Structures are given as structure tokens and as C-alpha cells.
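Welcome! Let's get to know a protein structure together, one question at a time.

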Amino acid sequence: YMANLGIAGALSGPGDAVFEDRLNHASLLDAGLLARARLARYNHADPDSLQSRLAGSKAERKLVLTDGVFSMDGDIAPVVELAQVATEHRAWLMVDDAHGLGVLGEHGRGTLEHYSLGINEVPILMGTLGKALGSFGAFVAGSEALIETLIQQARSYIYTTALPAAQAEVTRESLRVIADEPDRREHLNALIARFRSAAAELGLPLMASPTAIQPLRLGEPQQALAASDALLERGFLISAIRPPTVPEGSSRLRITLTAGHSEEQVDRLLEALDTVISR
């Protein structure tokens, strides 16, 4: 959260423009607002909508912010197309890869590796250490000029106590595991495929997500809450997500698979879902 605030605040301000996907994480939306730049939101995962917003802007500095993997829908941003549009309009593109790092790409390097993109297409990458890496904090990757600018101007970095050295060492070990143990990602991908295939056979209303975040859309808050409670009674902790976190009418169960789960656990979850979800 503070990394996103620091990036947007250091790179934009009054007279500039920030462009954001409508379903961006709250930290990105808050970052755009607190930067005091003009904030424009484009339609979810829609490069044409971004193109229209950028074309209508007269701001000299433009910053495009997007999640890599969207935290409530589980879908992956069309970063290749977004990068093309941003380049055309001389805008910076920043990807918040909180839910992509560690799980996407052949080597677990996230959304950019998934699309075979680099610094030329995405000049600003923010990564969270508290998701797949199981640590705490965040980092920003980019050019030397970008990093020096953030060191000098990102207030949430300058005026925050540094992470403890022990926490940094935990993160180093997590990076080693991601690099040296690809079987974890292979297992996770197999679980995702198993879950989605069986859910389709059962007619469960899963949203179109290829990632470890598997939202099961139920509609009304009371339906999601009742399903969450019923699953907890059966030994499954699955949060009910409802407005204002998601739009009205799209309350859901946010199912998150991990490399620590087993096929047996996934099958048991599917049996429980088949029992508690009315279709």
C-alpha cells in the first residue's frame, strides 16, 4: 500500500494525469487520488478505453496504473496492449504484480514474464513480498533514474522505518525457493486446472480466472455470507466478498488455491461447494 502511494506521489502531482483500471486494488486508487493529479478510470481490462482516456488528456505527464492479476476477479491484465497504448501516448506504465509474482511465468517472475515483457514495455514494476513470497513489504523495479527519483521523492519510503534485516533474509530465502523449486508452481497449476474442470461439470458459477484466485460469483451479499458460513462448518475457510469491495450484485466467494493444498483437499472442497451452493 505504501509503495503504491510513494510511486504515484513521486511521479505525478497537480497538473498531471493518472489513468487506472476500474477494478484496480484500493491502494492504487488511493495512490492516484492522494497524488493530487487528475484521476481518470478506464473500463476494466480495456485498452481501447484507455486509448480514449489518454487521447483526451492534455496533461504533460501521464501515469497508467494497473494490477497485473486482479485481486477479486483473478484475471490477468492485457499488459501487452496496455503497454502499446501507453507508449503511443508517451505515458508511463506501472504494473502492481502483487498476485502474479511467484506464481506466473516459467520462473515465477510474474505477469511480465508471463507476457515476455521487460523494462522497455513496462518501466515501473511494483511487487508485493507478502503474497506468494510469504514475507512482508514491497519493492519497486525500474531504471536507475526511476529508482533514484523514488529514493529522493517517495515520501512513504523516506519517512518509514526500514524493514528488519531478518525480514529481508526471509525474503531472500523465498526468492531461492521460487527459483529452485518450480514443482510448486506446476502443482498449483495442476490444482487450478483440476478445480476449474470439476467446477464446470458441477455447474458452479465460477468467474473466468486462470490464476490461483478463483471467484465463485453468487450475486447478493446474504448468499455469499451464508455459503461462507456453511463452508466453515465443513472445515473450509473461504471469505465472502461483498460491496463495497466488489460492485453491487457481484458478491462472491473468493477461493484461493496454493501449492500447499492437495488434490484431496480440492476434491473435498468441490464436494462441499456442490452441497452448499444452490443453482
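The questions and answers below walk through this predicted model.

Q: Which residue in β4 stands opposite V64?
A: Strands β3 and β4 run parallel, and 5 bridges join them. Strand β4 has 4 of its 5 residues buried, so it is largely enclosed by the rest of the structure. Opposite V64, the residue in β4 is L93.

Q: Which residues of helix α2 are buried?
A: Helix α2 spans residues 26-34. What covers its buried residues includes α1, β1, β2, β3 and β4. Those buried residues are S27, L28, L29, A31 and G32.

Q: Where does D75 lie, and is it buried or exposed?
A: D75 is found in the loop between β3 (62-67) and α4 (79-88). Leaving out residues up to four places away in sequence, D75 touches H44, G68, V69, F70, A208, S209 and P210. In terms of accessibility, D75 is buried.

Q: What is the nearest side chain of opposite charge to D75, and how far away is it?
A: A salt bridge would need a nitrogen and an oxygen within 4 Å, and D75 has no salt bridge. The side chain of D75 does make a polar contact with the side chain of H44, at 2.6 Å. The nearest side chain of opposite charge is R252, at 7.7 Å.

Q: How far apart are the closest N and O atoms in the salt bridge between E173 and R176?
A: Side chains of opposite charge can pair when their charged atoms come close. E173 and R176 are separated by about one helical turn because they are 3 residues apart in helix α8. E173 is partly exposed at 38% relative accessibility, and R176 is partly exposed at 34%. Their closest N and O atoms are 2.8 Å apart.

Q: Which residue of helix α8, 4 residues from R176, forms a salt bridge with R176?
A: An α-helix has 3.6 residues a turn, so residues three or four places apart point the same way. The partner sits about one turn of the helix from R176, and the closest N and O atoms of this salt bridge are 3.6 Å apart. That partner is D180.

Q: Which residues are linked with R176 in a network of salt bridges?
A: The structure holds 9 salt bridges. One of them joins R176 to E181, with the closest N and O atoms 3.7 Å apart, and E181 is partly exposed at 21% relative accessible area. Linked in a network with R176 are E173, D180, E181 and R184.

Q: What is the phi of R90, and is R90 buried or exposed?
A: Most residues other than glycine have a negative phi, and most peptide bonds are trans. R90 is not a glycine, yet its phi is positive; its place is in the loop between α4 and β4. With 75% relative accessibility, R90 counts as exposed. Its phi is about 55 degrees.

Q: What is the phi of S116?
A: S116 lies in the loop between α5 (111-114) and β5 (124-128). At 67% relative accessibility, S116 counts as exposed. Although S116 is not a glycine, its phi is positive, at about 60 degrees.

Q: Which residue just after α2 takes a positive phi?
A: Here we look at the stretch just after helix α2. The positive phi there is about 65 degrees. The residue is R36.

Q: What is the omega of the peptide bond from P243 to P244?
A: P244 is located in the loop between β8 (239-241) and β9. The peptide bond from P243 to P244 is cis. Its omega is near 10 degrees.

Definitions and conventions:
Residues are numbered from 1 along each chain as its sequence is written. This is a predicted model: local features need pLDDT of at least 70, side-chain atom pairs count only at pLDDT 80 or more; totals for chains, interfaces and linings use all residues. Side-chain values use heavy atoms; hydrogens and water are left out. Helices (H or I, at least four residues) and strands (E, at least two) are DSSP runs, numbered from the N terminus. Buried means under 20% relative accessible area, exposed over 50%, partly exposed in between (1.4 Å probe, protein chains only). Lys and Arg count as positive and Asp and Glu as negative; His and the chain ends are not counted. A polar contact is a pair of N or O atoms within 3.5 Å; within protein, one must be able to donate a hydrogen and the other to accept it, and residues adjacent in sequence count only if both atoms are side-chain atoms. Contact means heavy atoms within 4.5 Å. Two strands pair if DSSP finds at least two bridges between them.
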